[in-house]
Amino acid sequence: MSKRLFFFLLPLALVGPSCKKEGPPAYPVYQVDLRKPKEVPLSAIAKSVHYIKLGDRAKGDPMFYPVSKVLFNDNRIAVLSEPGNLTCKVFLFDSKGNFIHFLDGSQDGPNTILGVTDMDLTEENLELLDYIKKRILRYDLNGNFVTAIPLPERFTKFICLDEHHYAFDTNNAPSERGETYAVTILSELTQKAKTFLTIPNKLRVGEFASCFFHTQEGKTLYRRYYDPTVYEITNNTVKPFYALDFGDLWIDTIKYSDSDEARTSFNQGEIIYSFFSPVIADGRMLSFAYFKRKSFLISAYQNGTEAQVFRVTYNDLDGNELPALVPIGFLPPRTLVYEIDAAAFQMKEDSIRARFPLRKPFRDFAATVHPGDNPVLMLVELKEAF
């Protein structure tokens, strides 16, 4: 799975509005030590694994690669492919992975999606963010066009807060008015916008990874690079929800701001510059981070202050290879969604497989996957407690 990571600096002095010295913050701050993870098999944190093929290439269903974003509702799976070059495609599948419809920019017209950089999926609609034409394109769950909603300026990432409110990220697209805010909340009905969180002048247009997240409890969360805080967004506010304290592993922006030393340290895996995929499951905040070129799962209970850190070393549930890096989606109440390249299903024997042989259900599924197929979704259902 290819990922684009763009390097920029965000002074930690601008982490959030609650950085006062008078007392502790009003939101929990979890202590995280990535030097002392619990190295465990997959069965220690998950109780099952299963897979979804997206479409059937043998039947002529369209091909896509790479996967940028995957979203679920009760009846649909939506896949966004290649937003970085503004020639993306959006694919709709039913909950079992059967292909329904796709949208792309190959046919020029009033509803073309050329320039779409992000999407959201509600229970009723598919919503696409058109960066070039400054609008949101709304479709029904079968891919039929419903309406277009004009926007005051260009944004690269967004999320639906409710039927009439949207939140937009400006960390990665300079405001046309030269503003320095990071989040805009817009009312579709009034076209009035509210802005939150400061962006420093050094910030540059950057990566296309997700920064907004829905939770099962109905919350909307927001995270950004070089900020160890997760924010909660409502129709009227953006406020810190929780933060992770990585100690001296978190990048010192003052030390690295005027040199290439930060890039060198990042390439050597000596620092933490971001964490990914904050979700809530069973009263826990789950996040992921890279350190020493390895991926770590961070689990913090809402009523505590210290986080547990896990590094999964092998998949003993079905014998397949471990999912790479961090999940690309979350399916409530507790299922992490990974993208697996179809070529990875060509079964190989190695030392891990000798200890944990492939289980029959996985062998049967792997036999249906061919190297030219679309990426497969790997769904890892977490245990309620670990």
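**Aromatic pairs, an open sheet and backbone details**

The structure holds 21 aromatic pairs, where the rings of Phe, Tyr and Trp (its six-membered ring) pair if their centres lie within 6.5 Å, and planes under 30 degrees apart count as stacked, over 60 as edge-to-face and the rest as tilted. The model is predicted: local features need pLDDT of at least 70 and side-chain atom pairs count only at pLDDT 80 or more, while totals for chains, interfaces and linings use all residues. Residues are numbered from 1 along each chain as its sequence is written, and side-chain values use heavy atoms, with hydrogens and water left out.

A pair of aromatic rings is described by the distance of the centres and the angle of the planes. Phe 99 and Phe 102 form a tilted pair, 6.4 Å centre to centre and with 40 degrees between the planes. Phe 99 is partly exposed, with a relative accessible area of 25%, and Phe 102 is partly exposed at 31%; buried means under 20% relative accessible area, exposed over 50%, and partly exposed in between (1.4 Å probe, protein chains only). The pair of Phe 246 and Trp 250 is stacked, because the ring centres are 5.4 Å apart and the planes stand at 15 degrees. Phe 246 is buried, with a relative accessible area of 3%, and Trp 250 also counts as buried, at 9%. One aromatic cluster is formed by Phe 64, Phe 91, Phe 93, Phe 99 and Phe 102.

An open sheet of 5 strands has the order 2-23-22-21-20, and its pairing is mixed. Strands (E, at least two residues) are DSSP runs, numbered from the N terminus, and two strands pair if DSSP finds at least two bridges between them. At the edges are strand 2 (38-41) and strand 20 (275-281), each of which pairs on one side only. Strand 22 (residues 294-301) and strand 23 (residues 308-314) run antiparallel and are joined by 3 bridges. Within this pairing, Ser 299 stands opposite Gln 308 in strand 23.

Ser 277 lies in strand 20. Its phi is near 50 degrees, a positive value in a residue other than glycine, and Ser 277 counts as buried, at 12% relative accessibility. Lys 134 likewise has a positive phi, near 55 degrees. This lysine is found in the loop between strand 9 (125-130) and strand 10 (135-140), and Lys 134 is partly exposed, with a relative accessible area of 26%. The peptide bond from Pro 332 to Pro 333 is cis, with omega near 10 degrees. Pro 333 lies in the loop between strand 24 (329-331) and strand 25 (335-340).

How values were computed:
Helices (H or I, at least four residues) and strands (E, at least two) are DSSP runs, numbered from the N terminus.
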